[in-house]
Amino acid sequence: MTGRAPDATPHESVWGLRRVARFPGLRALTWSGNLLYASRDYDLICAMITPGQVVSNELSWRSVARFHPAWWRHISACSRLSSRLFRDGFHALAVLDSSTLVAAVPGAIITLSANEKQFRITHRITRGTRPLHITAVPGGPVLWGEYFDNVARDEVHIYASTDAGANWNVAYTFSRGEIRHVHNIVHDPWRNCLWILTGDYGDECRILRASCDLSQIDVVLQGNQQARAVALFPADDGVYFSSDTPLEANFIFHLDRRGTLSKLSPINGSSIFGCRAANGVFFSTMVEPSAINTDREVHIYGSCDGNSWNSLLSWRKDRWPMHLFQYGNAFLPDGNNTTEFLAISTIAVEADDLVTSFYSISSGK
């Protein structure tokens, strides 16, 4: 399967995704308006999409900067399978108001100031390998939460920088036994607040609303697997999120501004990426070991109104063991996308392993 509409669930929809470009070896990281940042191993590149532009395989990418990892990662990153095995490359990127870039690579948080061409390490990660996301608050701090196995349930930190990623300090600490780790921190521009997502079991599963300086943190949802989430994005009418559990069936939810929670749609597996593009909202699912979620396909779910959801694309998990060579997944880039295109980076799937594809979003029957 190569990003096709699923044969098993034909449907009529005022919706359409058509692949218009395919870039092997690229991972889409973050949108900044009509500028998409992506990586090829440890090289950061970007492409600008102007209004009315027809995107194709001839899309022009320009070099932004490079990070120089440990010598052996230059070798592991050269092979598709070894790159997957050692989790090489960029894993998260935030664009700051100052045009500074802050990224996560294995073992480090790295920063690129304006007009520089080489990332520098500004924080070495000692627990786990990297955070799942980095969040920049406009005019405020840059934040990320610790993500590590944490079998002993030690305290877990949220780090913040108030000097554009040059220095990092612990801004908040979850006490020992409170949570396992932080999944995501999302800035909500409508409320100028943060949404903090944690996991993984019982009361460790939390969706929290916090002030941008973390001086106030309130529990919104807690205590069940449907509050175990990684993907969340705000909208004017509330927030959309998807559950990330191998222990139960998974769903897409909407939490409105009055605090009313609505279950919108079932999905075929755990979900850790979501985004907005054009007039649509999208979530991806992944293939991971689960007695409940047994589907061996990665799916893209989308909605043009936030209420009616369909599986729009799917890929089958490849043959390589997922514990070593990663779960089948579809990465949806962070940031604010002002184009009419959806960028998707797939990994550990047949035909499109380590490929970034662009899809045009259009109305149809």
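Which backbone oxygen does the side chain of Asn250 reach at 2.8 Å? The views below come from a predicted model, and the first of them takes up this residue.

View 1. The side chain of Asn250 reaches the backbone oxygen of Thr245 at 2.8 Å. The backbone oxygen of Glu248 is also reached by the Asn250 side chain, at 3.4 Å. Asn250 lies in strand β20, which covers residues 250–256. With a relative accessible area of 0%, Asn250 is buried. Apart from neighbours within four places in sequence, the residues in contact with Asn250 include Gln226, Ser243, Asp244, Thr245 and Asn293. Also among these contacts are Ser265, Pro266, Ile267, Gly269 and Ser270.

**View 2. The open sheet β10-β11-β12-β13.** Four strands form an open sheet in this order, with antiparallel pairing. Its edge strands are β10 (135–136) and β13 (169–174), each of which pairs on one side only. Strand β11 (residues 142–145) pairs with strand β12 (residues 156–161) over four bridges, in the antiparallel sense. Leu143 has Ala160, in β12, as its bridge partner. In general, the strands of a sheet pair through backbone hydrogen bonds.

**View 3. Salt bridge between Asp43 and Arg66.** The side chains of Asp43 and Arg66 meet in a salt bridge, with an N to O distance of 2.8 Å. This pair links distant parts of the chain, 23 residues apart: Asp43 is in strand β4 (residues 43–48) and Arg66 is in strand β5 (residues 62–66). Asp43 counts as partly exposed because its relative accessibility is 30%. Arg66 is also partly exposed, with a relative accessible area of 23%.

**View 4. Salt bridge between Arg73 and Asp88.** Here the side chains of Arg73 and Asp88 meet at 2.6 Å, N to O, in a salt bridge. Arg73 is in helix α1 (residues 71–76), and Asp88 is in the loop between α2 (80–85) and β6 (92–95); the pair links distant parts of the chain, 15 residues apart. Both Arg73 and Asp88 are buried.

View 5. The side chains of Arg120 and Glu116 form a salt bridge at 3.2 Å, N to O. Arg120 is partly exposed at 31% relative accessibility, and Glu116 is partly exposed at 32%. A search of the whole structure finds 19 salt bridges.

Conventions:
Residues numbered from 1 in each chain as written. Predicted model: local features only at pLDDT ≥ 70, side-chain atom pairs only at ≥ 80, totals over all residues. Heavy atoms only, no water. Pairing = 2+ DSSP bridges. Helix = DSSP H or I, 4+ residues; strand = E, 2+ residues; numbered from the N terminus. Buried < 20%, exposed > 50% of the residue type's maximum accessible area, 1.4 Å probe, protein only. Polar contact = N/O pair within 3.5 Å; in protein donor to acceptor, adjacent residues only side chain to side chain. Contact = heavy atoms within 4.5 Å. Salt bridge = Lys/Arg side-chain N within 4 Å of Asp/Glu carboxyl O.
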